[in-house]
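Have the model open while you read.

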Amino acid sequence: MIRKLLHRVTNNWVQKLVALCLAIVGWYVISISDTSVSQRSLRVPVTLEGLSESQTQSGAPDTVDVIVSGRSSSVNALRSENFRATLDLSNATGEYQERIIVVPPQDISLISVSPETAIGSVETISSKEVPVIVALENQTDRNSLFTSTTSVQSVRATGRESVLAQVASATAFINVTAGESSVTLFASDAAGQPVPEITLEPSATTVTLTGTPVLHSKTVALEVSEPDTATKVRVENFSLSQTTLLVASTREQLSALGNVTGIVEIPEDSEAGDYTLNVTPQLPEGVWALENVTAQVTLTAVNPLSTSQQESNNN
């Protein structure tokens, strides 16, 4: 019996000794790793607490960097979700400087937090009505004057009180093209510059642009022929108050316009005497006279005998 037991122990004793040594080494490595301490850094999201729905804040970081230590096996398994980082602003009004509280998992030591404190401000969210204005961009058409109308005349602007105080209007920036289009509104200050962090309700408006031709002026020569008269009077003297005429139209029409012809009409029942008569300029459609030109006409009576004698001579 004993001999058999000794045989089993001594049989392949080299291999058995090597196996025993490997088992001892493995146990030692496991025991060392389980009791060793290591450090690690992680980025942890920050949760805000203590703000009401009508409050907002600025200055709080979105995340903090933490350095922790603990058993290597536990530290290596850590994730950012295992931590809780909070910033309590329930007692903060206006400017604040508050510590960020980080709670690590059990058996994990917190070495440092960066940043450790948050510096910022807590403000109330407010609203106010502001007018809608239209800003025309890229106005290259110099021959038209555009007017605008909007589907809404005012909107409600909402934001932090300090920012909201800068808002003077809601501006619709639009390229100059006649017609109707939907345009997004932007909060603007008194100088027309955009103000960020402001929400507008409604956020868009329909803008209708209407173009009106821009009129230019030009002085042209006025040609007026002596008017015809009835048989009992004739024109003794004929003169114009001026020989030019100031007209208005689009730039294209004026560039093609040369001299203008005028007409003077003498009433059929006119007697001998001096008359001031209006000159009617013959203008193309879309061209308007900016001046009133008159003609000084002197009519003299015609001797009927002289007229009959002149007609006989003509015959």
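Is R156 buried, partly exposed or exposed? R156 is partly exposed, at a relative accessible area of 37%. On the scale used here, buried means under 20% relative accessible area, exposed means over 50%, and partly exposed is anything in between (1.4 Å probe, protein chains only).

## Ground rules

This is a predicted model, where local features need pLDDT of at least 70, side-chain atom pairs count only at pLDDT 80 or more, and totals for chains, interfaces and linings use all residues. Residues are numbered from 1 along each chain as its sequence is written, and side-chain values use heavy atoms, with hydrogens and water left out.

## The chain overall

Of the 315 residues in the chain, 28% are buried.

The accessible surface is about 20300 Å², and carbon and sulfur atoms account for 51% of that; the areas come from the Shrake-Rupley method with a 1.4 Å probe, and for residues only the protein chains shown count as cover. Take the contacts (heavy atoms within 4.5 Å) between residues at least 6 apart in sequence: 70% of them join residues at least 24 apart.

## Salt bridges

Side chains of opposite charge can pair when their charged atoms come close. The structure holds seven salt bridges, each being a side-chain nitrogen of Lys or Arg within 4 Å of a carboxyl oxygen of Asp or Glu. Back to R156, then: its side chain meets that of E129 in one of these, at 3.4 Å from N to O. R156 sits in strand β10 (residues 154-160) and E129 in strand β8 (residues 117-137), so the pair ties together parts 27 residues apart in sequence. E129 is partly exposed too, with 44% relative accessibility.

R84 and E49 make another bridge, their closest N and O atoms 2.5 Å apart. That one links distant parts of the chain, with R84 in strand β4 (residues 84-88) and E49 in strand β1 (residues 37-49), 35 residues apart. R84 is partly exposed at 44%, and E49 is partly exposed at 29%. Then there's K232 with E271, at 3.3 Å between the closest N and O atoms. Here both partners are in loops: K232 between β15 (216-224) and β16 (233-240), E271 between β18 (260-263) and β19 (273-278), 39 residues apart. E123, R160 and E197, meanwhile, are linked in a network of salt bridges.

## An open sheet

Strands of a sheet pair through backbone hydrogen bonds, either parallel or antiparallel. Five strands form an open sheet with mixed pairing, in the order β20-β18-β15-β17-β21; two strands count as paired if DSSP finds at least two bridges between them. At the edges are β20 (280-282) and β21 (288-289), each pairing on one side only.

Which way do β15 and β17 run relative to each other? They're antiparallel, joined by six bridges, with β17 covering residues 244-249. K218 stands opposite V247 in β17.

## A buried serine

S169 is found in strand β11 (residues 169-175). S169 is buried, with a relative accessible area of 7%. Leaving aside neighbours within four places in sequence, S169 is in contact with V130, P131, I133, F186, A187 and S188.

How values were computed:
Helices (H or I, at least four residues) and strands (E, at least two) are DSSP runs, numbered from the N terminus.
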